[in-house]
Amino acid sequence: MRTLLIGIGNGSRGDDALGWLFLNEIEEKDPQKFDMEYRYQLQVEDADMISQYERVLFVDATEELIPKGFAIKKCEPARSYYFSSHVQSPETVLYLCKTLYRTAPEAFVIAIKGYRWELGEPLSNEASEHLEKALKLFRTSELYKQTQVKEIQTEELF
Amino acid sequence: MSKTITIDPVTRVEGHGRVTIHLDDEGNVDETFFHIVEFRGFERFIQGHPYWQAPNLVQRLCGICPVSHHLAAAKAIDQIVGIDPKDLSTGATKLRRLLHYAQIFQSHALHFFYLASPDLLFGVDAPPEKRNVVGVAVENRDLAVKGITMRKFGQELIKALAGKKIHGTLAVPGGVYKSLKAEERDTFLNGKQFSNIDTMIKWSQEMVDFMKDYHTKNREFLDTFAAFPSGHLGTVKPDGALELYDGKLRAIDFKGNSTLPDVEPDDYLEYFSEAVAKWSYMKFPYLKSVGRKEGWNRVGPLARMNICDYISTPLAEKARREYFEFTGSSVNNSTMYSHWARLIETLHCAELMKELLLDQDILNEDDLVREGNERRVGIGIIEAPRGTLTHHYEVDDKGMIVRCNLIVSTTHNNDAMNEAVKWVANNVISREKTITEGMLNQVEVAIRAYDPCLSCATQAMGKMPLKAELYDHEGSLIGEKTKN
């Protein structure tokens, strides 16, 4: 299954680097497995890019409290719009993809809990632990094994 | 009771700002302000860096038009190493121009399709949940796909030239670091990976036709909405043709009389000064010879159509002539014609890109960088998508930057955007008992026509949402609108 990993964040802003670091780790251990894109924010034209894939994984840091420090959620198209031209949600990009290109890849969001976001700050210890856990479990999941399963439910991932 | 309306943030613009409209006891507009309330940083923190870093560092002040800052800074830094535009090699000049036209093409496409078209397609009073690019995608799929594809074409060409779609590098002091490979070039001509340059020209032409049709149906709106007299500024070739990369500065007043007669960009300090206001971080440039009150100029597509004598590419020139046949005047002072002018420029850039993509000089790997006698001062001026952009650097004997002055396109339009807000306040909001969302959107429509990049204009650090506030005559806040 042709899969795209999109890391969202900013490598210079503390735990906002989590999305990019997740991709770096995957790239280092298994460079040929996934196509990868790094983004500060998702944009409207990303709908065109994801239309070329069967599966897309959006990896991003989150401020939300998550029990395990990370979560993998199914992402469904949703019609919403942020006022700026260059910040859109994964759900909106998926919606645009479905509306404009008559196709929508199976999509998931991998959210990893972060704590600090200031310019120049390093990754926090807590975020680093969450990143390791998320990577470890992701590598054992069906998403990583590239199965041909058409529909994967969130609870079946691990 | 008098009151103040606040629009915060102004939406579908690049960056964030705030509008306040002050009404008197009877609901008449007393004062209006378009505030830019951000910290201004790049002019200061570039100081102490070596000159050669400038083209890469300053482009970070924007994610939409970094190429414009990259090239304006590069032109200035060329002079630091003793290279004026005429001394740059032919190949390097053409590669920079190709990058520049790709940038304007993708930026104009973004503005029209993502930001402006919802107002034109659905009306300024349409519900906000519909009045956005998602609404365009749902109801005008073909238009939205073309918009995304046109932006993609420009971005892919930028990536081929500069290594990245955003914040890449092509220019180095005195030239460029690479040329284009034949197989890279062919990607944009053969249409195998994505729509080719001929399709871009065709679609650009269609967009101009769309605007002509819109004009036929909505002429009164385009003619009158936020229309006001002003000066216009841009750059032209020696023969008066529109010039986007390296021209002479020309300004005219609202009737077309010359206020700045084709002067060398390096002399800009002789002619321009900048005023400040305590309610905005954005400066107010003006022509010294005309004075602060009437010496400010609009810049960008509308101004460029006004100041040039003709356009060098055939389809865009034909479109320019038709544009002026409709407006019936050599100078157009109607804000909403900016959209039409922007689409003519989009077509012009598509034609220019094709010319250069077919030019063998862009494949030449020799003579990419030149050196001259070092200088202490460098000034680079180009026409960015939003208008005339000035970068000015001074270095010490070790080549460290000791002074930097940036006059960003949106800064020139500061007065114009404030005038546009005032027009809407006076003509749409004044004396109305109920202020609707549609009325407030018209304030944004007026600002949006200038495609302001508020982050660029203040060299922003951090977030910049736009807020509108309504104050009574005693200064008490009685209403506001905020978009985060």
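**View 1. The open sheet of chain A.** In chain A, 5 strands form an open sheet with mixed pairing, in the order E2-E1-E3-E5-E4; strands here are DSSP runs (E, at least two residues) and helices are DSSP runs (H or I, at least four), each numbered from the N terminus, and two strands pair if DSSP finds at least two bridges between them. Strand E2 (35–39) and strand E4 (70–74) of chain A lie at the edges with a single partner strand each, so one side of each has no neighbour in the sheet. From one strand to the next the twist averages 20°. The model is predicted, so local features need pLDDT of at least 70 and side-chain atom pairs count only at pLDDT 80 or more, whereas totals for chains, interfaces and linings use all residues. Residues are numbered from 1 along each chain as its sequence is written, and chains are lettered from A and ligands numbered from 1 in the order in which they are written.

View 2. Strand E5 (residues 106–113) of chain A pairs with E4(A) in the antiparallel sense over 5 bridges, and A:Lys74 stands opposite A:Phe108 in E5(A). Helix H4 (residues 125–139) of chain A packs on the sheet, where it touches E4 and E5 of chain A, and its direction makes about 150° with that of E5(A). Axes are lines fitted to C-alpha atoms, for helices over the stretch in contact, and angles run from 0 to 180 degrees between N-to-C directions; two residues are in contact if their C-beta atoms, placed from the backbone, lie within 7 Å.

**View 3. Helices H8 and H12 of chain B.** The axes of helix H8 (residues 197–217) and helix H12 (residues 314–327) of chain B come within 11 Å and cross at roughly 5°. H8(B) and H12(B) are therefore roughly parallel to each other, a term that covers angles under 35 degrees. On H8(B), the residues B:Ile201, B:Gln205, B:Val208, B:Lys212 and B:His215 meet B:Leu315, B:Ala319, B:Glu322 and B:Phe326 of H12(B). The residues of this contact divide into 5 nonpolar, 2 polar and 2 charged, where Ala, Val, Leu, Ile, Met, Phe, Trp, Tyr, Cys and Pro count as nonpolar, Asp, Glu, Lys and Arg as charged, and the others, Gly among them, as polar.

**View 4. Domains 1 and 2 of chain B.** An automatic or database assignment gives chain B domain 1 (4–38 + 413–483), domain 2 (89–227 + 334–369) and domain 3 (229–331). In chain B, 15 residues of domain 1 are in contact with 12 residues of domain 2. Helix H15 (414–429) and helix H16 (437–448) of chain B each supply at least two residues of the side of domain 1 that touches domain 2, and H16(B) gives the most to that side, with 7 residues. By class, this side of domain 1 of chain B has 8 nonpolar, 3 polar and 4 charged residues.

**View 5. Two hairpins of chain B.** Strand E2 (residues 18–23) and strand E3 (residues 29–35) of chain B run antiparallel and are joined by 2 bridges, with B:Arg18 opposite B:His35 in E3(B). Their hairpin has 5 residues between the strands, and B:Gly27 in the turn has a positive phi of about 85°. Strand E13 (residues 387–395) and strand E14 (residues 401–407) of chain B also run antiparallel, joined by 6 bridges, and the bridge partner of B:His391 in E14(B) is B:Leu406. In the hairpin of E13(B) and E14(B), which has 5 residues between the strands, B:Gly399 takes a positive phi near 85°.

Notes: Angles under 35 degrees count as roughly parallel, over 145 as roughly antiparallel, 65 to 115 as roughly perpendicular and the rest as oblique.
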